[in-house]
Amino acid sequence: MVKSLTIAHPQVGMTTNINANFGNAVARKVKAVLPNAVDEFVSRSGKEGQFLSWPELPKEQLKRVDSIYAMVNKLRSQNEAQVLTVLGIGGSKHTVEHMLGINGLNLKGDKVKFYSDIDSTSFNRYLQQIDGDVTKSNYLVASKSGSTFETKDGMTRIMDMFRRKFDESGLFPNTTNDKIAKYMVAVTDKNADKSELRRLSDSNQWLGDLYIHDDVGGRFSALDDHALFTLAWAGMKKEDMVKMLQGASEMSVIAVEPDLSKNTPLAQAAYWASAKLDGIKTSVHQYLGDMFNSTERWHAQMQNESMKDTAKQIAKITDAMHHSSEAWYKPENKFAFALTAPVDKGVAKENVEGYIGAISKTNSEYGPSMVELVETKDLGLAPEAAGAMTQSRAFSTVYQEIIESLVLGKPLPKVLSSVLQPNVEEYKKNLKPIGDNIPPVVAGRISFKV
C-alpha cells in the first residue's frame, strides 16, 4: 500500500483519503495481489450458490421502483393505519434502519416501527407504541425462509391479536383472515417450496410480490425489497430512490475496476487487510453524526458475520469520543482508524471541518488512518451517495477476505467465508426439539393467562 492515497468519485458523492505507512513487505504483497483479488471476485459474482448476487441487485431494482411504490399505495388504500412495523432480525432489520437513517427518513419514528424481540416486556413496550391496537399498524414480515423463530414469534402474536379483535366483532374465521391480510406484507423467498412465509402469504392473499433475492445474504440486502418498500412507505421520493439505486449501480462498476486509484472499495479493503497483516489486531471505524446511528449497528453486523472478528469496533461519534478515546489513544494499544463524516453545508460547517481535521490528525498520530467524506442533502446523505456508500461497504468487506487469503497463500473456500454464517447454527440447533420432546421455543406460545 502507498503511504498516502486520495480517491475521488464526485459522481457518487464519496472521497476517500488514506494515510498509512505499513511495513514494506506487507505493502508490496498486498499491492501485488490486488488485480488477482478483483479477478477472483468477478469470477464468482453472480454465480448460483456464491451469495454474490448483490453487485447486480441495484440495476435489477431500478426496474422495480414503480411496482414498489404501487404496492405501497395499495397497502395505504386497504386500511387506515399510518404506521408500518417491520418484523425481522439481523439483515432484515438493520439494513432497513441504516437506509432510513442515512436518507433522513422516519426521524420522529412515527412512520416506521420495528419489533424483533421475544420477551414479554419488549412486546408490551411495542404495543404501547401503537396504543395496544394492532390495527393502527401494517406489518412487513421479512425472513428469507419464513421460519426464523424470532420473527415468526412476533408475527404469530400480532396475528393472534388481530384474530381476537376481529372475532370479537362477530366475523367468521374466513372473513377474519381476509381482514388480517389487508395489514400484512411478506418479504421472503420467491419459491413457496422453500418458505413457509411465502406459503402463508400466498394462501391468505397478502399484498404484493415482494421477495428477498436469491444469493443475497441478509447483511448485503440493504437495497432489496424490504428496504425499498419501507423507504417508499416512509416518504422517500421516487426520483431519490432512482438516484440511490443508480449510485449503488455505479459503485458496482467502480468496484471491479483493477486500478486501485479508481476503486474505492478495493482501496478500503486493502487498507484494512494491510493493517491486520502488519500486526495491528484492533481497529475502529468512526461515524460522525446522528444519521449514522443505525449504520453503526448494520456495519457491526457486517463485520461480525463476514470477518468473524470482534477486534474491530464500530463507533458513533461525537458521543463516543470522550470514553472510547481512553482505549483508542493509549500509546500501548495499536489501532488502525477510519472516519466517515458527512460533507457539512450548514451553519456548523466550519466547526465540523475543524473537528474532522482534529480527529483525523489525532488518528494519524496513533496509527494508520483513513477518512471518508460523503455528500449530503437535506436531512441525510445525497441519494446517490447513500447508495454508493452502502454498496461500497459490501464490496470492501468481501475484498478484505480475498486479499488476506491471497497474501497468506491460503486457498479460498468454495464459497467465500465472508458471505456465509455457519456459526449461527450453533444456537439455532439448541432451539429445536430433541426427538419427540416439546421444543424449547414455540412461536407465539402463551405461557399463562391472567
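I take helices to be DSSP runs of H or I with at least four residues, numbered from the N terminus, and I keep in mind that this is a predicted model.

**Second largest pocket.** With that in hand, I looked up which helices line the second largest pocket, and I found that helix H5 (120-129) and H6 each supply at least two residues of its lining. H6 gives the most to this lining, with 6 residues. I noted a volume of about 590 Å³ for the second largest pocket, and, of the 22 residues that line it, Ser-120, Phe-123, Arg-157, Arg-445 and Ile-446 are the closest to its centre. Sorted by class, this lining has 11 nonpolar, 4 polar and 7 charged residues.

**Largest pocket.** I then turned to the largest pocket, which holds about 1200 Å³ of space and is lined by 41 residues, with Lys-144, Ser-145, Thr-148, Gln-421 and Lys-428 nearest its centre. In the lining of the largest pocket I counted 16 nonpolar, 13 polar and 12 charged residues.

**Nonpolar cores.** Next I looked up the largest nonpolar core, which has 90 residues, and I listed Trp-54, Phe-229, Leu-231, Met-241, Val-398 and Ile-403 as those with the most contacts inside it. Helix H15 (residues 383-408) gives the most to this core, with 11 residues. Finally, I recorded a second, separate core of 22 residues, among them Ile-158, Met-161, Leu-197 and Trp-206.

Key: Residues are numbered from 1 along each chain as its sequence is written. This is a predicted model: local features need pLDDT of at least 70, side-chain atom pairs count only at pLDDT 80 or more; totals for chains, interfaces and linings use all residues. Side-chain values use heavy atoms; hydrogens and water are left out. A nonpolar core is a set of buried Ala, Val, Leu, Ile, Met, Phe, Trp, Tyr and Cys residues joined through side-chain atoms within 4.5 Å. Buried means under 20% relative accessible area, exposed over 50%, partly exposed in between (1.4 Å probe, protein chains only). On a 1 Å grid over the protein atoms alone, a cavity is a set of points where a 1.4 Å probe fits but cannot get out, and a pocket is an open set with protein on both sides within 12 Å along at least five of seven lines; lining residues have an atom within 4 Å of a point. Grid points are joined across faces, edges and corners, and a volume is the space filled by probe spheres set on the points. Ala, Val, Leu, Ile, Met, Phe, Trp, Tyr, Cys and Pro count as nonpolar, Asp, Glu, Lys and Arg as charged, and the others, Gly among them, as polar.
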